[in-house]
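Subject: Structure handover

Hello,

Here is the structure for you to look over. My notes on what turned up follow below.

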Amino acid sequence: MVGPDKQRTMMNEHHHGHDHTDGHEHDHTPIVNEEKPGYYEILEISIRELLIEKGIIKADEVRKQIEVLDSRSPVLGSKLVVKAWLDPDFRVRLIHNGNAAAEEMGISIYDNTEFTILEDTPEVHHVIVCTLCSCYPRPILGLPPDWYKSKEYRARTVKEPRAVLAEFGTVISDDVQIVVQDSTASQRYMVLPLRPQGTENFTEAELESLVTRDTMIGVTIPRI
(Lines give C-alpha, C1' and ligand atoms only; values in the text may rest on other atoms or scores of the structure.)
Protein backbone atom coordinates (compact mmCIF):
# COMPACT_ATOMS: atom_id res chain seq x y z
CA MET A 1 0.00 0.00 0.00
CA VAL A 2 1.39 3.40 -0.93
CA GLY A 3 -0.43 5.51 1.61
CA PRO A 4 0.66 8.90 2.96
CA ASP A 5 4.20 9.47 4.19
CA LYS A 6 4.94 6.87 6.83
CA GLN A 7 7.35 9.20 8.56
CA ARG A 8 4.58 11.53 9.74
CA THR A 9 3.96 9.56 12.90
CA MET A 10 7.67 9.27 13.55
CA MET A 11 8.02 13.04 13.26
CA ASN A 12 5.29 13.51 15.84
CA GLU A 13 6.94 11.17 18.33
CA HIS A 14 9.98 12.22 20.31
CA HIS A 15 11.03 9.67 22.92
CA HIS A 16 13.66 10.42 25.54
CA GLY A 17 15.88 7.80 27.03
CA HIS A 18 15.94 9.58 30.41
CA ASP A 19 13.77 11.65 32.71
CA HIS A 20 14.27 15.41 32.97
CA THR A 21 14.76 15.58 36.74
CA ASP A 22 16.69 18.07 38.82
CA GLY A 23 20.25 17.06 39.46
CA HIS A 24 20.43 14.71 36.51
CA GLU A 25 23.95 14.59 35.10
CA HIS A 26 23.98 14.38 31.30
CA ASP A 27 26.52 12.37 29.39
CA HIS A 28 28.59 14.86 27.38
CA THR A 29 30.28 12.26 25.22
CA PRO A 30 30.52 13.68 21.66
CA ILE A 31 28.00 12.26 19.20
CA VAL A 32 29.84 10.21 16.62
CA ASN A 33 28.28 8.91 13.44
CA GLU A 34 29.48 5.30 13.36
CA GLU A 35 27.72 4.50 10.09
CA LYS A 36 30.25 4.02 7.35
CA PRO A 37 29.75 6.17 4.23
CA GLY A 38 28.48 4.35 1.16
CA TYR A 39 30.08 4.18 -2.26
CA TYR A 40 28.26 7.19 -3.72
CA GLU A 41 28.86 9.31 -0.62
CA ILE A 42 32.59 8.59 -0.81
CA LEU A 43 32.53 9.36 -4.54
CA GLU A 44 30.74 12.68 -3.96
CA ILE A 45 33.16 13.73 -1.23
CA SER A 46 36.17 12.80 -3.36
CA ILE A 47 34.93 14.70 -6.42
CA ARG A 48 33.94 17.74 -4.35
CA GLU A 49 37.28 17.90 -2.58
CA LEU A 50 39.12 17.48 -5.88
CA LEU A 51 37.15 20.32 -7.50
CA ILE A 52 37.89 22.56 -4.52
CA GLU A 53 41.58 21.60 -4.60
CA LYS A 54 41.76 22.42 -8.33
CA GLY A 55 40.11 25.79 -7.74
CA ILE A 56 37.13 24.96 -9.98
CA ILE A 57 34.68 25.60 -7.13
CA LYS A 58 35.05 27.11 -3.68
CA ALA A 59 34.03 25.56 -0.39
CA ASP A 60 31.98 28.67 0.35
CA GLU A 61 30.02 28.16 -2.87
CA VAL A 62 29.15 24.62 -1.80
CA ARG A 63 28.03 25.88 1.60
CA LYS A 64 25.81 28.58 0.07
CA GLN A 65 24.18 26.08 -2.31
CA ILE A 66 23.43 23.73 0.59
CA GLU A 67 21.81 26.64 2.42
CA VAL A 68 19.65 27.34 -0.64
CA LEU A 69 18.56 23.70 -0.76
CA ASP A 70 17.73 23.69 2.94
CA SER A 71 15.65 26.86 2.61
CA ARG A 72 13.16 25.36 0.15
CA SER A 73 9.90 23.86 1.40
CA PRO A 74 6.23 23.45 0.34
CA VAL A 75 5.55 26.84 1.95
CA LEU A 76 6.91 28.47 -1.21
CA GLY A 77 4.56 26.46 -3.41
CA SER A 78 1.57 27.31 -1.23
CA LYS A 79 2.30 31.00 -1.66
CA LEU A 80 2.30 30.60 -5.44
CA VAL A 81 -1.01 28.73 -5.33
CA VAL A 82 -2.75 31.25 -3.09
CA LYS A 83 -1.41 34.16 -5.14
CA ALA A 84 -2.94 32.50 -8.22
CA TRP A 85 -6.24 31.97 -6.39
CA LEU A 86 -6.45 35.63 -5.38
CA ASP A 87 -4.93 37.31 -8.44
CA PRO A 88 -6.35 36.22 -11.83
CA ASP A 89 -3.63 38.08 -13.74
CA PHE A 90 -0.90 36.31 -11.77
CA ARG A 91 -2.63 32.96 -12.36
CA VAL A 92 -2.38 33.54 -16.11
CA ARG A 93 1.31 34.43 -15.83
CA LEU A 94 1.98 31.41 -13.60
CA ILE A 95 0.37 28.99 -16.04
CA HIS A 96 2.02 30.64 -19.04
CA ASN A 97 5.54 30.71 -17.56
CA GLY A 98 6.07 29.08 -14.18
CA ASN A 99 9.73 30.03 -14.00
CA ALA A 100 9.09 33.73 -14.55
CA ALA A 101 6.13 33.81 -12.16
CA ALA A 102 8.19 32.11 -9.44
CA GLU A 103 11.03 34.59 -9.95
CA GLU A 104 8.43 37.37 -9.71
CA MET A 105 7.66 36.08 -6.20
CA GLY A 106 11.37 36.01 -5.35
CA ILE A 107 11.72 32.23 -5.76
CA SER A 108 14.71 31.27 -7.90
CA ILE A 109 14.64 28.11 -10.00
CA TYR A 110 18.25 27.35 -9.21
CA ASP A 111 18.48 24.05 -11.11
CA ASN A 112 17.61 25.55 -14.54
CA THR A 113 14.67 23.18 -15.04
CA GLU A 114 11.43 24.21 -16.71
CA PHE A 115 8.75 24.70 -14.06
CA THR A 116 5.24 24.05 -15.38
CA ILE A 117 1.92 24.50 -13.59
CA LEU A 118 -0.90 22.01 -14.12
CA GLU A 119 -4.22 23.68 -13.34
CA ASP A 120 -7.00 21.51 -11.97
CA THR A 121 -10.54 22.20 -13.20
CA PRO A 122 -13.93 20.74 -12.30
CA GLU A 123 -13.42 18.34 -15.23
CA VAL A 124 -9.71 17.45 -14.84
CA HIS A 125 -7.55 16.44 -11.88
CA HIS A 126 -3.76 16.21 -12.22
CA VAL A 127 -1.33 13.99 -10.34
CA ILE A 128 2.44 14.06 -10.71
CA VAL A 129 4.87 11.16 -10.82
CA CYS A 130 8.38 10.45 -12.02
CA THR A 131 8.43 6.96 -13.47
CA LEU A 132 12.19 6.77 -14.00
CA CYS A 133 13.57 8.18 -10.76
CA SER A 134 12.38 11.01 -8.50
CA CYS A 135 12.43 14.23 -10.55
CA TYR A 136 10.62 16.82 -8.45
CA PRO A 137 10.30 20.65 -8.26
CA ARG A 138 12.78 20.98 -5.41
CA PRO A 139 13.28 24.76 -5.82
CA ILE A 140 9.58 25.15 -5.02
CA LEU A 141 8.65 22.22 -2.77
CA GLY A 142 11.95 21.13 -1.23
CA LEU A 143 12.85 17.47 -0.93
CA PRO A 144 10.34 14.89 -2.22
CA PRO A 145 8.64 12.55 0.26
CA ASP A 146 9.89 8.97 0.46
CA TRP A 147 6.70 7.53 -1.01
CA TYR A 148 7.10 9.69 -4.13
CA LYS A 149 10.45 7.98 -4.80
CA SER A 150 9.16 4.46 -4.16
CA LYS A 151 8.91 1.98 -7.03
CA GLU A 152 5.35 1.16 -6.01
CA TYR A 153 4.10 4.75 -6.36
CA ARG A 154 5.99 5.30 -9.61
CA ALA A 155 4.59 2.13 -11.20
CA ARG A 156 1.05 2.04 -9.84
CA THR A 157 0.17 5.71 -10.31
CA VAL A 158 0.46 5.35 -14.07
CA LYS A 159 -1.56 2.14 -14.20
CA GLU A 160 -4.24 2.72 -11.56
CA PRO A 161 -4.26 6.38 -10.46
CA ARG A 162 -7.75 6.26 -8.93
CA ALA A 163 -6.79 3.36 -6.68
CA VAL A 164 -3.59 5.10 -5.58
CA LEU A 165 -5.40 8.36 -4.84
CA ALA A 166 -8.03 6.47 -2.87
CA GLU A 167 -5.28 5.14 -0.61
CA PHE A 168 -4.42 8.77 0.17
CA GLY A 169 -8.07 9.34 1.03
CA THR A 170 -8.76 11.15 -2.25
CA VAL A 171 -11.79 9.88 -4.13
CA ILE A 172 -12.16 11.48 -7.55
CA SER A 173 -15.58 11.35 -9.21
CA ASP A 174 -15.82 9.07 -12.24
CA ASP A 175 -16.88 12.02 -14.39
CA VAL A 176 -13.57 13.80 -13.65
CA GLN A 177 -10.62 12.89 -15.86
CA ILE A 178 -7.38 12.06 -14.06
CA VAL A 179 -4.26 13.15 -15.93
CA VAL A 180 -0.99 11.56 -14.75
CA GLN A 181 1.96 13.79 -15.59
CA ASP A 182 5.43 12.24 -15.78
CA SER A 183 8.30 14.50 -14.73
CA THR A 184 11.67 14.53 -16.48
CA ALA A 185 15.18 15.70 -15.70
CA SER A 186 14.51 19.04 -17.43
CA GLN A 187 10.77 19.41 -16.87
CA ARG A 188 9.21 19.72 -13.41
CA TYR A 189 5.54 20.12 -12.55
CA MET A 190 3.33 21.42 -9.75
CA VAL A 191 -0.44 21.13 -9.46
CA LEU A 192 -2.55 24.26 -9.04
CA PRO A 193 -5.50 22.72 -7.15
CA LEU A 194 -9.03 24.03 -7.17
CA ARG A 195 -9.81 26.54 -4.46
CA PRO A 196 -12.30 24.95 -2.02
CA GLN A 197 -15.79 26.36 -1.90
CA GLY A 198 -16.62 28.31 1.23
CA THR A 199 -13.23 30.04 1.45
CA GLU A 200 -14.35 33.39 0.03
CA ASN A 201 -13.71 35.17 3.34
CA PHE A 202 -10.51 33.33 4.23
CA THR A 203 -7.38 35.37 4.82
CA GLU A 204 -4.27 34.73 2.77
CA ALA A 205 -2.68 32.88 5.68
CA GLU A 206 -5.79 30.72 6.13
CA LEU A 207 -5.76 29.83 2.44
CA GLU A 208 -2.05 28.94 2.55
CA SER A 209 -2.74 26.52 5.41
CA LEU A 210 -5.05 24.55 3.08
CA VAL A 211 -2.35 24.07 0.44
CA THR A 212 -0.06 21.19 1.39
CA ARG A 213 2.77 19.40 -0.35
CA ASP A 214 0.43 16.53 -1.25
CA THR A 215 -2.15 18.85 -2.84
CA MET A 216 0.59 20.30 -5.07
CA ILE A 217 1.63 16.78 -6.12
CA GLY A 218 -2.02 15.98 -6.71
CA VAL A 219 -2.52 13.00 -4.41
CA THR A 220 -4.86 15.01 -2.19
CA ILE A 221 -7.08 18.07 -2.60
CA PRO A 222 -7.37 21.14 -0.35
CA ARG A 223 -10.02 20.68 2.31
CA ILE A 224 -11.52 23.08 4.82
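Let me begin at Ala-101. Leaving out residues up to four places away in sequence, Ala-101 touches Leu-80, Phe-90, Arg-93 and Leu-94. Keep in mind that this is a predicted model.

Ala-101 sits in helix 6, which covers residues 98-104. Is Ala-101 buried or exposed? Its relative accessible area is 1%. The cut-off for buried is under 20%, so Ala-101 counts as buried. One of its contacts, Phe-90, is eleven residues away in sequence. In space, the C-alpha atoms of Ala-101 and Phe-90 are 7.5 Å apart.

Next, Leu-80. Its contacts, with neighbours within four places in sequence set aside, are Phe-90, Leu-94, Ala-101, Ala-102, Met-105, Ile-107, Phe-115, Ile-140 and Met-190.

Leu-80 also features in the largest nonpolar core, which has 42 residues. Which members touch the most others? They are Leu-80, Ile-140, Tyr-148, Tyr-153, Met-190, Ile-217 and Val-219. Helix 4, residues 74-86, supplies the largest share of this core, with six residues.

Now the rings. How many aromatic pairs does a search of the whole structure find? There are five. One of them joins Trp-147 and Tyr-148. Their centres are 6.4 Å apart, with 70° between the planes, and the pair is edge-to-face. Trp-147 has 5% relative accessibility and Tyr-148 has 0%. Both values fall under the 20% cut-off, so Trp-147 is buried and Tyr-148 is buried too.

Tyr-153 is buried, like Trp-147. Ring pairs also tie these residues into a cluster: Tyr-136, Trp-147, Tyr-148, Tyr-153 and Phe-168.

Last, the largest pocket. Its volume is about 330 Å³. The lining has 15 residues. By class, nine are nonpolar, four are polar and two are charged. Which lining residues lie nearest the centre of the pocket? Those are Thr-121, Pro-122, His-125, Leu-194 and Ile-221.

Best wishes

Key: Residues are numbered from 1 along each chain as its sequence is written. This is a predicted model: local features need pLDDT of at least 70, side-chain atom pairs count only at pLDDT 80 or more; totals for chains, interfaces and linings use all residues. Side-chain values use heavy atoms; hydrogens and water are left out. On a 1 Å grid over the protein atoms alone, a cavity is a set of points where a 1.4 Å probe fits but cannot get out, and a pocket is an open set with protein on both sides within 12 Å along at least five of seven lines; lining residues have an atom within 4 Å of a point. Grid points are joined across faces, edges and corners, and a volume is the space filled by probe spheres set on the points. Ala, Val, Leu, Ile, Met, Phe, Trp, Tyr, Cys and Pro count as nonpolar, Asp, Glu, Lys and Arg as charged, and the others, Gly among them, as polar. A nonpolar core is a set of buried Ala, Val, Leu, Ile, Met, Phe, Trp, Tyr and Cys residues joined through side-chain atoms within 4.5 Å. Buried means under 20% relative accessible area, exposed over 50%, partly exposed in between (1.4 Å probe, protein chains only). Helices (H or I, at least four residues) and strands (E, at least two) are DSSP runs, numbered from the N terminus. Contact means heavy atoms within 4.5 Å. Rings of Phe, Tyr and Trp (its six-membered ring) pair if their centres lie within 6.5 Å; planes under 30 degrees apart count as stacked, over 60 as edge-to-face and the rest as tilted.
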